[in-house]
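Keep the sequence at hand.

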Amino acid sequence: GPVANAAVFGEVEVEEEAVVAIRGDGKIVLAAPRSSREAQELLAWLLQQQEGSVEVVVLERGQILIPGMIDTHIHAPQYSYTGTATDLALMEWLNEYTFPAERRMEDLQEAREVYTAVVDRTLRGGTTCAMYFATIHVPASKLLANIALDRGQRAYIGKVCMDRMAPEGYSETTEDALTGTEHFIRYVRGLHSDLVHPVVTPRFIPSCSPALLSGLGRLAREYDCHIQSHISESEDEVALVEAMHPAEGTDAEIFDRHALLTDKAVFAHGVHLSDSDCALMAARGSGVSHCPHSNFTFAGGTLRTARLVRSGVNTGLGSDVAGGCSACLLDAQRYAVVADKVVAQQERAGVHGERGERAPRGQGLDWKHALHLATMGGATALGLQHRIGTIESGKAFDAVVLDAGGGSIDLFRSDTTRSLLEKLCNLGTEHNVAAVWVQGRRG
């Protein structure tokens, strides 16, 4: 059936009739047009096999295979209140809603309920790979790793670290944060899984002392770990960092000073990154997770995504549950397009003071750019572009079948395969996700 890839920012390639073959370990051994010699040989071989010995999936009209979507920023413990609690500024929101919800994950029974639900929901919505914030609790963080592994989701999980600006009952010492992080890294590595990986996770600069940041930088280097945090997220966060660290530079410069700005690091938001910040992050190979819905809610601005990409910063897409209202990246893709149109309107009005650099009308982000961010962009931000992000030979089969028959979409005789995909990207919901595979395993 039809297969689509968005390997390049702003470009989507659609193969109308493709054949994809996956071996037992979940690796793709063939992804080629049906008319190709390799595909014809494979189809001839299939006819010779005993019925039932090989699983064959044939897509129906209205269906298309795309790479699995990659959520580069999601808070697992916040899933329980998704869709509520967006009525406050960021710092108030954290104290009023977020920290109490995260504190409850100390109860492993509640943690199991929430974490099972968020992993199942994201998989159902086509997220084959997710970068999760957990909480400061090591047992609950280990539980999230176990659930992701059991459910078969590719997951990068961080035990959250915060040794200051934390509420009573939800705080830890610098030593506990570092010891807990190291214990969590060793535990996850001990699972010997290619799917689930530990992430060094300073929550954000205001909640982490310099000693903690330095210690986490050391652990990330020692264990060759991924890193995640928030960066230049909102106006109040930027102001708070300036007040707490006068004359010490921007978020990016502070992270860099503590060896946390690496080619295995992904930072959420980045709305208020300067041009020099972008240049520094590009030089270090660090990525940004674009979280368009929560940016509208909390950031006091919108990410200029095209500027970020042009700067050479690896950029993916994040749901940012529960700052974002949906765990399905189809929604985040649409918000990313809308956010870019807001940026274009602001630049035409001179809001950013860069009238001469704005994109001409009609040349901003569209569904093709957004699909790239949700697939290959996310893979590149995580440093996994050679393993996932596109459907091609040699990569893991992390894939999703989108189906217009899932509801909310009408097809007509004039619709092409490309217009089908465009409709699915612009109108689809999790109900249009017909099948999900991670490493060849069907969810």
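In this predicted model, the largest pocket holds about 1100 Å³ of space. Its lining is made of 43 residues, and the closest to the pocket centre are Val 19, Val 20, Val 56, Val 57 and Val 58. What is the make-up of the lining by class? There are 25 nonpolar residues, 9 polar and 9 charged.

Now turn to the packing. In soluble globular proteins, nonpolar side chains tend to be buried together. Here the largest nonpolar core has 70 residues. Tyr 115, Tyr 132, Ile 157 and Leu 421 touch the most other members. Take Leu 421. Beyond its neighbours within four places in sequence, Leu 421 is in contact with Ala 4, Val 12, Val 14, Ile 64, Ile 66, Trp 367 and Leu 371. Another core lies apart from the largest one. This other core has 34 residues, among them Cys 161, Cys 208, Cys 278 and Leu 308.

One more residue deserves a look. His 290 sits in strand S12, which covers residues 287–290. Is His 290 buried or exposed? The relative accessible area of His 290 is 0%, so His 290 counts as buried, the cut-off being under 20%. The His 290 side chain makes a polar contact with the side chain of Thr 305, at 3.4 Å. Setting aside neighbours within four places in sequence, the contacts of His 290 include Asn 295, Leu 303, Thr 305, Thr 315 and Leu 373. Gly 316, Leu 317, Gly 318, Ala 336 and Ala 339 are also in contact with His 290.

Technical notes. Residues are numbered from 1 along each chain as its sequence is written. This is a predicted model: local features need pLDDT of at least 70, side-chain atom pairs count only at pLDDT 80 or more; totals for chains, interfaces and linings use all residues. Side-chain values use heavy atoms; hydrogens and water are left out. Helices (H or I, at least four residues) and strands (E, at least two) are DSSP runs, numbered from the N terminus. Buried means under 20% relative accessible area, exposed over 50%, partly exposed in between (1.4 Å probe, protein chains only). A polar contact is a pair of N or O atoms within 3.5 Å; within protein, one must be able to donate a hydrogen and the other to accept it, and residues adjacent in sequence count only if both atoms are side-chain atoms. Contact means heavy atoms within 4.5 Å. On a 1 Å grid over the protein atoms alone, a cavity is a set of points where a 1.4 Å probe fits but cannot get out, and a pocket is an open set with protein on both sides within 12 Å along at least five of seven lines; lining residues have an atom within 4 Å of a point. Grid points are joined across faces, edges and corners, and a volume is the space filled by probe spheres set on the points. Ala, Val, Leu, Ile, Met, Phe, Trp, Tyr, Cys and Pro count as nonpolar, Asp, Glu, Lys and Arg as charged, and the others, Gly among them, as polar. A nonpolar core is a set of buried Ala, Val, Leu, Ile, Met, Phe, Trp, Tyr and Cys residues joined through side-chain atoms within 4.5 Å.
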